[in-house]
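Here is a short tour of the model shown below.

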Amino acid sequence: MAKSELRPATIAAQAHGAIDEATRAVVPPVHVSTTYLRDADGGYRSGRVYGRADNPSFDAPEATLNALESGAGCLTFASGMAAATAVFQTLQPGDHVVAPKVMYWALRHWLATTADRLGIVVSFVDASDPDALAAAIRPGLTKLLWIETPANPTWSITDIARAAEIAHGAGARLAVDNTVPTPLLTRPIELGADLVMHSATKYLNGHSDVVAGALITAERDEHWARITAHRALNGAILGSFEAWLLLRGMRTLALRVQRASQSALTVAERLTSHPAIREVLYPGLPSHPGHAIAARQMSGGFGGMLSIRIDGDAKAAHAVAAATRLWKPATSLGGVESLIEHRASIEGPGSPAPDDLLRLSLGIEDVDDLTADLVQALESSV
Ligand SMILES: Cc1ncc(COP(=O)(O)O)c(C=O)c1O
């Protein structure tokens, strides 16, 4: 698919033009049928056979996300992890993968503990350093570079265009976890990526009430065909109602992401000089090491996620999270309600999160209320 002439906010609000042709309803219905009628000659001219592979409820969310990411195809999955692991499960035994040291912890854990059972060899590198990415390539063996930017939980930045050059120079492909910036702020395929992955559980759905994942491809190539077959056979599909909720959530993506992003910058700027804070990690701050690259490859903001390092130990950080009244101490991100979380204790050994780090996911509440609540929590507990 070529890049849409429409801007992301328009594509999202109108669900890429989805309506129900049969009823003229402006909201597509939820399709619950698990099976489809055969034609008299035994064929399936409808193109749909069975609910594990075919579900019209996926059409509108997949088309919308595909248009948002300037892709050539999109598949939704039962979760972000189901989408991400589908990419690795459809590589060949012996393939080598380069992945970041700083990335969503459960996928890093899966790669470190499970990928070798599939015969896949993984090298973990500092993906914010293009020289480290290039040095990790094993000529002839490296088939995939996986990156996440801004990356959980330090929000380190990888130069997507540079990573694509490195991957393509080695005959490998580049996959980008675009969960945090969303296509509102970064469109990796336009920067050279081959695959984009989302935990649609986060900003795309945006209301903390659906677990979902998605992959978008730049080309309908052989790897995409294997991924499509894998989803149908492996069965990690989205439910019909979840697909409908995901589409409903995506319609307000632009408003939510813009708001969260503006608020994250405001909170980052206000907290930088607070005496109870050692450091604010946010790519929108000029002091962040990835700021210049983020400014180049993100447009319209730096995202709704930041981390703060408390001037104290893990106990002090937990105390701050517990002392907030508005911020919910909970895992996840990208919902309308703001969340605060001590990452090291959830990620466990191997986490790049220091003990004093609290991860903040900005919701859409009033930013003055959010800042005041954080300041009272810091002042009452550090
Ligand atoms: C950046 C990122 N990628 C992937 C995932 C995994 O997605 P899911 O929880 O939908 O399986 C998450 C979940 O927190 C995430 O934050």
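How many salt bridges are counted between domain 1 and domain 2? The count is two, where a salt bridge is a side-chain nitrogen of Lys or Arg within 4 Å of a carboxyl oxygen of Asp or Glu.

## Ground rules

This is a predicted model, in which local features need pLDDT of at least 70 and side-chain atom pairs count only at pLDDT 80 or more, while totals for chains, interfaces and linings use all residues. Residues are numbered from 1 along each chain as its sequence is written, and side-chain values use heavy atoms, with hydrogens and water left out.

To the contact (heavy atoms within 4.5 Å), domain 1 gives 33 residues and domain 2 gives 39 residues.

The size of an interface is often given as the accessible area lost when the parts come together. Here, domain 1 and domain 2 bury about 2800 Å² between them, with carbon and sulfur atoms giving 59%. Buried area is the accessible area (1.4 Å probe) that two parts lose on being put together, summed over both. On the side of domain 1, Trp155, Leu185 and Tyr203 lose the most area to domain 2, together 27% of what that side buries.

## Polar links across the interface

Arg108 and Glu347 have side chains that meet in a salt bridge, at 3.4 Å from N to O. Across the interface of domain 1 and domain 2 there are also 16 residue pairs in polar contact, both residues being at pLDDT 80 or more. A polar contact is a pair of N or O atoms within 3.5 Å; within protein, one must be able to donate a hydrogen and the other to accept it, and residues adjacent in sequence count only if both atoms are side-chain atoms.

On the side of domain 1 that touches domain 2, the elements giving two or more residues are helix 4 (105-113), helix 7 (182-185) and helix 9 (240-250). Helix 7 brings the largest share, three residues. Helices (H or I, at least four residues) and strands (E, at least two) are DSSP runs, numbered from the N terminus.

The structure holds 20 salt bridges. In one of them, Arg231 joins Glu62, with the closest N and O atoms 3.0 Å apart. Arg231 sits in helix 8 (residues 222-234) and Glu62 in helix 2, 169 residues apart.

Four aromatic pairs are found in the whole structure. Rings of Phe, Tyr and Trp (its six-membered ring) pair if their centres lie within 6.5 Å; planes under 30 degrees apart count as stacked, over 60 as edge-to-face and the rest as tilted. Phe88 and Trp110 have ring centres 6.0 Å apart and planes at 40°, so this pair is tilted.

## Backbone details

Most residues other than glycine have a negative phi, and most peptide bonds are trans. Ala15, which is not a glycine, has a positive phi of about 45°; Ala15 lies in the loop between helix 1 (8-13) and helix 2 (59-68).

A cis peptide bond joins Thr149 and Pro150, with omega about -10°. Another cis peptide bond joins Asn152 and Pro153, with omega about -10°. Pro150 is in the loop between strand 4 (142-148) and helix 6 (160-169), and Pro153 is placed in the loop between strand 4 and helix 6.
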